[in-house]
Amino acid sequence: MAEADPPVRVRAPKGRSLWWTVHAWAGLKLSLFMAWVMLTGTLATFSVEMDWLARPAMRVMPQDAPLASWGTLVEAARAAPAREGLKGAKVGTIYAPQHSWFSVEAIAATDDGRYRIYLDPYSGEARGTGAWTSFQRFFREMHRHLLMPAKWGIPLVCSLSLLLLASLVTGLVSYKKFWRGFLRKPRGGNARRLNGDMHRLAGLWSLWFVALIGLTGFWYLVESLGGDAPYAKAPNLADTTPAIMLDAARIDRLAATAQATYPALRILEMRLPDKAGKPIGFFGQADAMLVRDRVNGVWLDPANGRVIEVLRGESLTAHQRISEMADPLHFGTFGGMATKIIWFVFGVFLTGLCVTGAAIYSLRIANSGQPEERRAARRHGLVRRMFIGMGFWRWPAIAAVVASLMLIPGWLMK
């Protein structure tokens, strides 16, 4: 009968403090779960670009030509469903291109669900349609709540922010005179030493990123537990306001009114009324930095062009400002492709830190600790030692990852 593996306990090596023990625990016990969440978040950074590669209708050649008007885009989007055999579709929102080589995206809904219509940003011509499910949706929802119901999955994922912040603080405290390590060359000699030096070097250069992701993740946890800030929703018009068909000319006049009312607004999104008594809205970026498009905009009465409400990001309360800047900071979307590349690179570092942290400890228990632990550890390879070192916590970590993978088929069929 095979000898059972003895329980492995996280102990501080000689000369190290309780801070090191806490750091090792935080980085080891849920390292598999943490690495999965970090990996999916890293891939989510470029998930829209993955859709661009997978969907030819999203690709356009940048031109030195004026962009199509919002009215032209709406007319083209409305005409597209008939050609695709999608009856009863209603266009709700249109988004400007994220990059110059991207098409305009319109969101339409039918009784069977939502889908996307891709439009040429210069001619307004419809280039094709795509399913609502996409790489962007997949990685966003996998990273955000593991494809589980959001009320359970979001707190579960966001609770990792506490471990991330604990690792940050305990790592700095236990690494004496850490500021000297930014330019320290990793040593060779053995795997344990090289892994340790690489882990510390990557950790030091990623300090700002770990703090940023930890704090924004903690804010998402606060929001999931009821601490979310209110945001402005579409105002209601008088019940007597009739439902009207907005043609291209009327929409262009409304867009011009919105622009004249809020000259600093760079319109990136238009929301069409879905029924009588609802306004039309134009949203985007203006003077306020690090906010979502929805906080800068103009709501208008589609029947007479009257301005109902102007939203300005700089007028937000402190609570709302924290909430609105969380997404741009967490995903690095505020600076275009440049910040997305930086966020992706450091996301890879952070994912690697989860793995190397567990590897360092597995190498440590193979060369230190109690004799029975050393004997057991040396009978196995690196991955098995990491698995043993996770102890009881390996089971909930594995269960969370496996559950998220098992939910993929059901998610694809939604």
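Modeller: Leucine 290 is partly exposed, with a relative accessible area of 28%. The model is a predicted one.

Colleague: What makes leucine 290 partly exposed?

Modeller: Buried means under 20% and exposed means over 50%, with partly exposed in between. Leucine 290 has 28%, so it is partly exposed. Leucine 290 sits in the loop between S6 and S7, and its phi is positive, about 55°, although it is not a glycine.

Colleague: Why is leucine 147 called buried?

Modeller: The cut-off for buried is under 20%. Leucine 147 has a relative accessible area of 11%, so it counts as buried.

Colleague: How do you know that asparagine 296 is buried?

Modeller: Its relative accessibility is 0%, and buried means under 20%, so asparagine 296 qualifies. The side chain of asparagine 296 makes a polar contact of 3.4 Å with that of tyrosine 262.

Colleague: At what angle do the axes of helix H3 (residues 47–54) and helix H5 (residues 135–145) cross?

Modeller: They cross at roughly 150° and come within 7 Å. Angles over 145 degrees count as roughly antiparallel, so H3 is roughly antiparallel to H5.

Colleague: Which residues make the contact?

Modeller: Ser47, Val48, Met50, Asp51 and Ala54 of H3 meet Phe135, Gln136 and Phe139 of H5. By class, 5 are nonpolar, 2 polar and 1 charged.

Notes
Residues are numbered from 1 along each chain as its sequence is written. This is a predicted model: local features need pLDDT of at least 70, side-chain atom pairs count only at pLDDT 80 or more; totals for chains, interfaces and linings use all residues. Side-chain values use heavy atoms; hydrogens and water are left out. Axes are lines fitted to C-alpha atoms, for helices over the stretch in contact, and angles run from 0 to 180 degrees between N-to-C directions. Helices (H or I, at least four residues) and strands (E, at least two) are DSSP runs, numbered from the N terminus. Angles under 35 degrees count as roughly parallel, over 145 as roughly antiparallel, 65 to 115 as roughly perpendicular and the rest as oblique. Contact means heavy atoms within 4.5 Å. Ala, Val, Leu, Ile, Met, Phe, Trp, Tyr, Cys and Pro count as nonpolar, Asp, Glu, Lys and Arg as charged, and the others, Gly among them, as polar. Buried means under 20% relative accessible area, exposed over 50%, partly exposed in between (1.4 Å probe, protein chains only). A polar contact is a pair of N or O atoms within 3.5 Å; within protein, one must be able to donate a hydrogen and the other to accept it, and residues adjacent in sequence count only if both atoms are side-chain atoms.
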